[in-house]
Amino acid sequence: MMKPMTKWQKVIAYSSLAIVLVWTVLGFLAIYVILTEK
Amino acid sequence: MQLSKHARDVLETSMQQNKIDDAEKKEIEELISVLPQDRVVIYKNVVSNPIGDIYRYNIHIRIQHMLTFVTFLTLAFTGLPIYFFEAFWAEPFNSLMGGVNVSRVIHRTIAAVMIFSMLYHILTITLGSVARIKLGIFDIRRTIIPLFKDIRDFKDDILYFAGRLNERPEMDKFNYKQKIHYFAAAFGNLVMIISGSSFLFPAFWASILPESMASHFQELMRLSHPHEALLALLVIAFWHWYNVHLAPGRFPMQWTFLTGKITREHQIEEHFLEYLRNLVEDPEEREHLLDMMESRELLTEIGDEANPKSGDS
């Protein structure tokens, strides 16, 4: 059973999660561009 | 709880290495004997602090992770636009850095930091192991070195996820997945360093390789460098980030890389053998566990499971 996170812990955890998700979407785009570019 | 043969061996080695006296040994054995047999019941019921409860990584390892993390992303940001120089998306990235010539300098400088981080890591783990051997507290099962048990754990974990086993295997401080990941990263690092150095010092490589091989080697390295980079990016984005951010139990983020601590829940679930060592090394952890299990009325009577004959039969 996990104790709830404090406000600041939530800010750090969710913002870093947001960064990696954005990076992953950009990664998908980059791979798509690299593979389809003529 | 009745320990498996392997877990008992880990526990006894740890008690021996930590020079635990008879009274404390009795206390540890009693605690283990009253724990429920099902590890899932234990880790679902212990209270965990999201930022970690149990010490796992020292400050050197955390600095090395941070160095690798920052250099890896910066190298990708500067390196891919250099390779795909003519692509429409590469131009803005190169301009952001001040042109491709500046990108190149940044890329090489950051690469030197990455190599430093790798050497720092090798030094840390070598000196750490030597110190442990000297102190008589070295246990190869507690290291990242792959062992036959990892193959068994891999198989048992697949069986568990396929619904064929009720429990995940009892894994050590570093499980099979972490070992594969670690050596894949180490191999990738070496490929990047060798291929990168072949662009910077072609004459050096030509001087040590047989004449017939030198130009083939250069071509091979020119192919390896960008493709290994793409592979590494994919591994980080889809494997590593899944494991530390999205996996159930870790969401939204695992804090170990910052605090050096792992949650109690995670330790019992994925690193049960290391948790047994934590119980040996830390009397406070024993108290916490006992209190938590007691407050939830999950302790079994001493001897209930250790001696099945005295049970319901």
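Mentor: Let us begin with one residue and its neighbours, keeping in mind that this is a predicted model. Leaving aside the neighbours within four places in sequence, I268(B) is in contact with R39(B), I42(B), Y43(B), V46(B) and Y275(B).

Trainee: Which residues touch the most other members of the largest nonpolar core?

Mentor: A nonpolar core is a set of buried nonpolar residues joined through C-beta atoms within 7 Å, and the largest one here has 19 residues, of which L11(B), I268(B), F272(B) and L276(B) touch the most other members. At least two residues of this core come from each of α1 (5-17), α3 (39-45), α13 (272-281) and α14 (283-295) of chain B, and α13(B) gives the most, with six residues. There is also a second, separate core of seven residues, which includes A229(B), L233(B), I236(B) and W241(B).

Trainee: How should I read a pair of packed helices, and at what angle do α4 and α5 of chain B pack?

Mentor: One takes the angle and the distance between the axes together, and then asks which residues meet. Helix α4 (residues 59-83) of chain B packs against helix α5 (residues 90-97) of chain B at an angle of about 125 degrees, with the axes 9 Å apart. Because angles of 65 to 115 degrees count as roughly perpendicular and those over 145 as roughly antiparallel, α4(B) is oblique to α5(B). The crossing of these two helices, α4(B) and α5(B), is left-handed. On the α4(B) side F77(B), T78(B) and P81(B) meet A90(B), F93(B), N94(B) and M97(B) of α5(B), and by class this contact has five nonpolar, two polar and no charged residues.

Trainee: At roughly what angle do α4(B) and α10(B) cross, and which residues make the contact?

Mentor: The axes of α4(B) and helix α10 (residues 211-246) of chain B come within 11 Å and cross at roughly 135 degrees, and α4(B) and α10(B) are therefore oblique to each other. Their crossing, that of α4(B) and α10(B), is left-handed. The contact is made by A76(B), G79(B), L80(B) and Y83(B) of α4(B) together with P226(B), A229(B) and L233(B) of α10(B), and these residues divide into six nonpolar, one polar and no charged.

Trainee: How many helices and strands does chain A have?

Mentor: Chain A has one helix and zero strands, and its C-alpha trace spans about 50 × 20 × 5 Å along its principal axes. Of the 38 residues in chain A, buried residues make up 3%.

Terms used. Residues are numbered from 1 along each chain as its sequence is written. Chains are lettered from A and ligands numbered from 1 in the order in which they are written. This is a predicted model: local features need pLDDT of at least 70, side-chain atom pairs count only at pLDDT 80 or more; totals for chains, interfaces and linings use all residues. Axes are lines fitted to C-alpha atoms, for helices over the stretch in contact, and angles run from 0 to 180 degrees between N-to-C directions. Helices (H or I, at least four residues) and strands (E, at least two) are DSSP runs, numbered from the N terminus. Angles under 35 degrees count as roughly parallel, over 145 as roughly antiparallel, 65 to 115 as roughly perpendicular and the rest as oblique. A crossing is left-handed if the near helix is turned anticlockwise from the far one by less than a right angle, and right-handed if clockwise. Two residues are in contact if their C-beta atoms, placed from the backbone, lie within 7 Å. Ala, Val, Leu, Ile, Met, Phe, Trp, Tyr, Cys and Pro count as nonpolar, Asp, Glu, Lys and Arg as charged, and the others, Gly among them, as polar. A residue is buried if 20 or more other C-beta atoms lie within 10 Å of its own, exposed if 12 or fewer, and partly exposed in between; C-beta atoms are placed from the backbone.
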